Amino acid sequence: MVLMAIDHVRVYSGLPAGGPTAGIFFTRWITHFVAPAFIFLAGTSAFFYGRTRVADLSRFLLGRGIWLILLELTVIRVAWTFNFDFAHYLLAGVIWVIGWCMIIMAPMVRMRPRTLGIVGVAIIALHNRVMGPLINAIPLGESWKVLYIGPFEGPLNGTPLIVLYSIIPWIGVMAAGYGFGTALTLEPARRDRLCLQVGLGATALFFILRGFNLYGDPRPWSGGGEMPALLSFLNTTKYPASLSFLLMTLGPTIALIPLVERVRGRVAQWLTVFGRVPFFYYVLHIPLIHALALVVSAIRLGEVSPWLFANHPMATPPPPDGYTWTLGLLYLIWTIAVVLLYFPCRWYAELKARRQDWWLKYL
């Protein structure tokens with residue numbers, strides 16, 4: 001949750017995504033771990049929700065999925081842009097794809113969890129090989145741009161929709177996370193051992209496949225190109241998420257689960273507040289960061305730049321001359337945003353602990 005905000009501050013900083021310097025590259029790269037963990041653990045959460053509410057799980061996933069899609073196309077879209085030009089810009093971002101994955105998962109959760117997990121792993125492993133020929137073989141036209149091709153910019157069947165997160169392979173990530181829930185029900189020592197085996201195994205597979213450019217990413221790395229060898233090696237494809245990208249991010253995430261569980265202290269308690277209300281945090285953090293960018297612009301430029309009301313983050317023109325921030329300023333605003341978000345998130349977490357209103361499950 002906290003790492004995610006770094007890249008969303010970067011959106012309003014005018015700094016590019018992923019380069020050209022190592023500092024900018026790793027500012028973007030560290031946030032790559034967020035979406036895979038978010039979607040994978042959403043599947044795991046669905047598994048645990050279904051253990052006590054089996055009859056309600058499909059209905060809950062369907063309703064929550066529709067709700068997330070509606071929020072992405074309305075409230076979250078306005079938070080990103082601070083404009084209401086819906087006729088020319090709609091964004092299908094991470095909340096969009098989580099919503100669609102939940103809708104698709106609604107009937108799939110009737111399968112055995114391990115079976116569904118295997119299906120998810122197969123999608124993750126094979127989509128780089130299968131989807132290209134499938135797209136060429138089946139004339140579905142622009143529908144593929146929602147299912148697999150990303151990011152796509154431009155009219156989609158007459159709608160100004162920019163698809164950033166395609167449904168494949170993310171449905172596989174959520175399904176794999178659902179199956180992973182069975183591992184977390186094991187007794188602690190066995191569970192921790194399995195997390196380390198799976199996580200470190202996935203990470204090792206990433207190094208092998210990526211290191212020898214064997215399979216798993218449409219963009220081979222090179223030691224002699226414009227980008228330094230290490231950065232080229234780590235510069236895997238996120239849109240749509242390649243096998244290499246998912247191994248690189250999910251492997252360490254799964255391996256760290258036993259260690260993170262044991263973390264104690266004030267910082268851990270502070271971070272746990274955000275984890276108790278993740279979607280509430282998400283809905284708040286974008287308009288807060290956007291508003292802070294307006295303040296920064298007024299202080300630095302003497303005015304609020306019209307650029308900050310453009311169609312962020314995917315259809316934005318180049319920042320005006322003199323606007324671009326330093327990395328130091330980016331991290332300062334990120335720190336301020338996270339500190340400010342702590343207080344409403346703590347209030348909402350306490351509210352959820354006191355009350356059981358049905359609507360609290362949707363925010």
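Helix α5 (residues 94-108) has 15 residues, which at 1.5 Å a residue should span 21 Å, and its end C-alpha atoms are 21 Å apart, in agreement. The expected span is 1.5 Å times one less than the number of residues. Helices are DSSP runs of H or I with at least four residues, numbered from the N terminus. The model is a predicted one, in which local features need pLDDT of at least 70 and side-chain atom pairs count only at pLDDT 80 or more, while totals for chains, interfaces and linings use all residues. Residues are numbered from 1 along each chain as its sequence is written, and side-chain values use heavy atoms, with hydrogens and water left out.

Of the 15 residues of α5, 12 are buried, so the helix is largely enclosed by the rest of the structure. Buried means under 20% relative accessible area, exposed over 50%, and partly exposed in between (1.4 Å probe, protein chains only). Among the buried residues of α5 are V94, W96, G99, C101 and M108. V94 lies 31 residues from G63 in sequence and 17 Å from G63 in space, C-alpha to C-alpha. G63 belongs to helix α4 and is partly exposed, with a relative accessible area of 27%.

H290 is located in helix α13 (residues 278-301) and is buried, with a relative accessible area of 0%. The H290 side chain reaches the backbone oxygen of A79 at 2.9 Å. Leaving aside residues up to four places away in sequence, H290 touches Y12, A79, W80, T81, F82 and L308; contact means heavy atoms within 4.5 Å.

A79 also takes part in the lining of the largest cavity, together with V75, I76, Y282, V283, I286 and P287. A cavity is a set of points, on a 1 Å grid over the protein atoms alone, where a 1.4 Å probe fits but cannot get out; a pocket is an open set with protein on both sides within 12 Å along at least five of seven lines; lining residues have an atom within 4 Å of a point. The largest cavity holds about 30 Å³ of space. Helix α13 provides the largest share of its lining, 4 residues. The lining of this cavity has 7 nonpolar residues, with no polar and no charged ones.

The second largest pocket holds about 890 Å³ of space. Its lining has 42 residues, of which D7, R10, A17, R28 and Y239 lie nearest the centre. The largest share of this lining, 5 residues, comes from α1.

Methods
Grid points are joined across faces, edges and corners, and a volume is the space filled by probe spheres set on the points. Helices (H or I, at least four residues) and strands (E, at least two) are DSSP runs, numbered from the N terminus. A polar contact is a pair of N or O atoms within 3.5 Å; within protein, one must be able to donate a hydrogen and the other to accept it, and residues adjacent in sequence count only if both atoms are side-chain atoms. Ala, Val, Leu, Ile, Met, Phe, Trp, Tyr, Cys and Pro count as nonpolar, Asp, Glu, Lys and Arg as charged, and the others, Gly among them, as polar.
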